[in-house]
Amino acid sequence: MEAELREIRDHLSQNPPFDKLLDELLDDVVGNIEITYFKADSIILERGQPIHALSYIRSGAVETYHYNGELYNRLEEGDIFGQLGLLRQGKVRFPVKAIEDTLLYQIPKTIFDRLCDNDSFADFVELSGSRLKSTVDESLRENDLMTTRVRKLISRLPLMVEITVSIQEAARLMTENVVSSVLLIEPADEEDSDGVFRGDEGGLWRLKGMVTDEDLRSQVVAAGVKTDRPVGQLSDGRLITIQSDESVNEAMLTMLRNHIQRLPVLHRRRPVGVLHLSDIVRYETNSSLYLASNIFSRNSVRDLSRLIPEIRAAFIRLVDAGSNAKMIGDAMSSIGRSLMRRLIELAEDELGPAPIPYCFMVHGSLARHEQSVITDQDNALVLHDSFDPQHHDEYFKMLAKKVSDGLDACGYEYCKGGIMATNEQWRQPLAQWRRYFDEWIADPDPQRLLHSCIFFDLDAVYGEEYLVENLQDMIATKARYNPRFLGAMARNASNRRPPLGFFRTFVMETDGRQHKVINIKGRGLAPITDVIRVHALAVGSKAQNSAERLRDIEHANILPAGQVDKLQYALEFIALVRMRHQAFELRNDQAIDNAIEPENIDTAERHNLKEAFQVVNNAQNFLPYRYPYSA
């Protein structure tokens, strides 16, 4: 192959969808390319004219337009256009104009048709050339834990006995079947009732609970209970289950969130197995689940702080394993929550029981289950309204200090803005928190908007969860009916713009080492999270996680078709770029930060990043129309 053709081949092979082609097919493409040149401001394609080739931008930049003349997209080096026209009746759908001197590689339709026999190429062009969606979808497909279903880990049917069976008989059957748990059932009359399923013999049964080895030890042997009593007396009727077609990752997170080690698995309502923690650990030997479990065996802050290398190693393993950003965020958040819960338990052991009910709540990425490997603390205390500062505050002040100091020792730095329960302002009874939130929504000045952005991502970590749920309910109920507040939040969400110049070039900052960088958190993640939060407040969503908020937003149907998907893909990709960057720094013993250097990431990723930033930019531009601001 001549040097010129090799250069063309090398360039194509760096960019999707050509980067997935087999060598033979790529050579065929290169051998049939025509090279054309257009001066700036010249028309490349006009609407409705016949189209015979796919265009690949080798250098320069172009704009494509809607039928009414509005700008549709700006494309640059490595982008393609013309695919929709080739796929639909062979006529140009979006006019194209060169906005810089532009060199194109044009691929004849005969070759384009052959390329469309390749699944990855066809998927890409049929998605209008969205590299971002293609890349994110591919990442998801390659993630084993996210795609493996729980049923794959089930190797045997569960042992089930009626609740009237004696404790001794249940224990005998467990021993005989070599199992550590038994599901409790009772006859049922109505098939459509909750928990009712049809058994092998056609009878109706209701799932009532589960008894484990530990229950027999603690509730029978240790308590001296007679074993001729009904086994149903050992269950309180509360049972957390999972459907067999849920992912292993979801099962893992369900166990972590509920502090349980066994999870009955259902196919619809029929029990088909019991998943044990060890099943998942065996399946995923490097799991962050093991690390989270290990946290609760540590008995001092010093012991917990020694887990920092393991936490960072777990983060690197997740990134290297090709996990997507949502899964990594879930896993790191579960570790962060487990650390915080253990610190609170240790503090309570030292201080004694709390004098009144309370709940430790978290904010920011930990509340959204989107934590990365570095983060600072954002937490607060919601106290029962019986709170009496004179008698109670010293206890909670000490509790907050021990937890905050412990988190700092474990690598979670103190919040520079003072958003911690050690700050008296954020250690208040429920009634005061309700007054805070009411004021922030009713009269949103700049300071209150800042608080709203921080505190309106909130979740309970330890204690009486109903206290935090009360606040979540209040926000979901009040914010959506206050257009002035939504307008102010929307305006606030547009203050931090993504780092894109007019020609889709990166707008970079200079770090302390004089490197040209982009703050991927401040200019990418934060803006898109802000946008999603505004829409979530507008639809009354109680979800805290951005992906779950997007599902509520889509269900409310308040955005143009396809916008929720675009936001989801952009969020996923920006977060993943940040995590890959931090994993690289960890592997190379560098200080961890959010400053990426675009020159140090490959061409395809740079294009995806620009597309993601463009999605954020467009979403911000839409906000003033959807939520007009009135002073």
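Strand β21 and strand β22 (residues 595–596) pair in the antiparallel sense, with 2 bridges between them. Within this pairing, N519 stands opposite A595 in β22. The model described here is a predicted one.

Strand β21, which covers residues 516–519, also pairs with strand β20 (residues 509–510). That pairing is antiparallel too and has 2 bridges. Here E509 is the residue that stands opposite V517 in β21.

## The chain as a whole

The secondary structure of the protein chain amounts to 25 helices and 22 strands. Its radius of gyration is 28 Å, close to the 25 Å that the globule rule gives for 631 residues, so the chain is as compact as a globular protein of that length.

Of the 631 residues in the protein chain, 53% are buried. Among contacts between residues at least 6 apart in sequence, 71% join residues at least 24 apart. The chain exposes about 29,400 Å², and carbon and sulfur atoms supply 47% of that area. There are 74 positive and 94 negative charges in the protein chain, and the mean positions of the two sets are 2 Å apart.

Strand β4 (residues 61–65) pairs with strand β5 (residues 71–76) in the antiparallel sense, over 5 bridges.

The hairpin has 5 residues between its strands. In this hairpin G69 takes a positive phi near 90°.

## The loop between β2 and β3

Two residues of the loop between β2 and β3 are described here, Q49 and P50. The strands on either side are β2 (43–45) and β3 (53–59). Q49 has a relative accessibility of 29%, which means that Q49 counts as partly exposed.

Which residues does Q49 contact, leaving aside its neighbours within four places in sequence? They are G90, K91 and V92. Q49 and K91 are 42 residues apart in sequence, and their C-alpha atoms are 5.4 Å apart in space.

With its neighbours within four places in sequence again left aside, P50 is in contact with G90 and K91. P50 and K542 are 492 residues apart along the chain, and 51 Å separates their C-alpha atoms.

## Two residues with positive phi

D41 is not a glycine, although its phi is positive, at about 75°. The place of D41 is the loop between β1 (34–38) and β2. Is D41 buried or exposed? With a relative accessible area of 57%, D41 is exposed, because the cut-off for that class is over 50%.

V178 has a positive phi of about 55° and is not a glycine either. This residue is found in the loop between α8 (167–177) and β10 (181–187). V178 has a relative accessible area of 67%, so V178 is exposed.

## D330 in helix α15

D330 belongs to helix α15, which runs over residues 325–351. The relative accessible area of D330 is 3%. A residue counts as buried under 20%, so D330 is buried.

What is D330 in contact with, once its neighbours within four places in sequence are left aside? The contacts are N249, L253, R257 and H369.

## Helix α19 and its cover

Helix α19 spans residues 446–455. Its buried residues are L449, H451, S452, C453 and F455. In general, an α-helix has 3.6 residues a turn, so residues three or four places apart point the same way.

Both helices and strands are among the elements that cover the buried residues of α19. The strands include β16 (358–363), β17 (379–383) and β19 (458–463). The helices include α18 (430–442), α21 (483–493) and α22 (521–538).

Conventions: Residues numbered from 1 in each chain as written. Predicted model: local features only at pLDDT ≥ 70, side-chain atom pairs only at ≥ 80, totals over all residues. Heavy atoms only, no water. Buried < 20%, exposed > 50% of the residue type's maximum accessible area, 1.4 Å probe, protein only. Helix = DSSP H or I, 4+ residues; strand = E, 2+ residues; numbered from the N terminus. Contact = heavy atoms within 4.5 Å. Rg over C-alpha atoms; globule rule 2.2 N^0.38 Å. Areas by Shrake-Rupley, 256 points an atom, 1.4 Å probe, with all protein chains shown as cover. Lys, Arg positive; Asp, Glu negative; His and termini not counted. Charge placed at Lys NZ, Arg CZ, Asp CG, Glu CD. Pairing = 2+ DSSP bridges.
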